[in-house]
Amino acid sequence: MAMMSRLISAGAHLLKHRLFHWNVCGQSLISVNWNCVLCLRTYPFPKCPMSMLSTVCSLLDEKNIVLVGAPCAGMTTVGIFLGQMTGLPVIDINDLLKRTWHMSVTQKLQQIGDELFLQEEGEILQGFSTTRSIIALTGSNPLHPQSMYHMKKNGIVVYLDVPLVELLERHEGMKVDHIVGLRPGVPMQEILQSRQQFYHKWYDIRVLCQYGDTA
């Protein structure tokens with residue numbers, strides 16, 4: 001509760017500065033380079049008073065919170081948690097893709113291949129609009145520039161920066177099979193490293209998810 005109060009009171013300070021570093025209870029470092037404020041931790045908050053939640057939501061104005069990150073970074077999980085915390089609707093782009101294609105993302109990727117998949121995925125995102133929502137993007141959305149420009153027009157892009165070693169462990173455990181570029185002979189580590197430039201290009205807020213890191 002005390003941390004929530006500190007986060008809210010820091011809002012005015014954040015809105016006046018273009019670059020700000022925020023250490024949340026030693027759990028994650030939030031780097032902000034936009035005129036916004038976002039409250040986020042890597043584990044559940046206690047139940048918050050309505051006055052605090054309304055303050056958080058008012059600072060967002062009509063913008064969306066757009067979560068980006070590598071495959072297995074936890075965009076969907078964090079999105080659900082933020083939705084519960086703020087009362088904002090949560091939209092998982094993977095679900096949107098499945099409804100549009102009438103098949104799983106894995107099936108679509110296998111059917112049309114990497115290049116066409118990125119194109120069609122990007123076109124769907126470009127045609128999607130909403131306000132005051134939590135949007136969990138796919139790991140490959142940031143590879144399509146036009147769709148990301150569209151998202152940033154009315155969104156605060158939050159990059160969940162999970163350490164490479166942890167991403168590899170999660171991928172091994174979750175057996176995710178709908179990753180663009182994943183094929184025999186191409187190490188997962190190589191794919192993740194090549195994508196970092198895109199995640200860094202688009203974010204407004206970067207959350208360093210390694211516990212205890214205050215670098």
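Let's start with the contacts of Asp92. Leaving aside neighbours within four places in sequence, Asp92 is in contact with Thr76 and Ala136; contact means heavy atoms within 4.5 Å. This is a predicted model, where local features need pLDDT of at least 70, side-chain atom pairs count only at pLDDT 80 or more, and totals for chains, interfaces and linings use all residues. Residues are numbered from 1 along each chain as its sequence is written, and side-chain values use heavy atoms, with hydrogens and water left out.

Asp92 sits in strand 4, residues 90-92. Strands are DSSP runs of E, at least two residues; helices are runs of H or I, at least four; both are numbered from the N terminus. Asp92 is buried but has no salt bridge. Buried means under 20% relative accessible area, exposed over 50%, partly exposed in between, with a 1.4 Å probe and protein chains only. A salt bridge puts a side-chain nitrogen of Lys or Arg within 4 Å of a carboxyl oxygen of Asp or Glu. The nearest side chain of opposite charge, Lys98, is 6.9 Å away. What does the side chain of Asp92 reach at 3.0 Å? The backbone nitrogen of Asn94.

Now the loops. Cys72 lies between strand 3 (64-68) and helix 4 (75-86). Its phi is near 75 degrees, positive in a residue other than glycine. Cys72 is buried, at 12% relative accessible area. Arg132 is in the loop between helix 6 and strand 5 (134-136). Phi of Arg132 is near 45 degrees, also a positive value in a non-glycine residue. Arg132 is partly exposed, at 24%.

Conventions: Lys and Arg count as positive and Asp and Glu as negative; His and the chain ends are not counted. A polar contact is a pair of N or O atoms within 3.5 Å; within protein, one must be able to donate a hydrogen and the other to accept it, and residues adjacent in sequence count only if both atoms are side-chain atoms.
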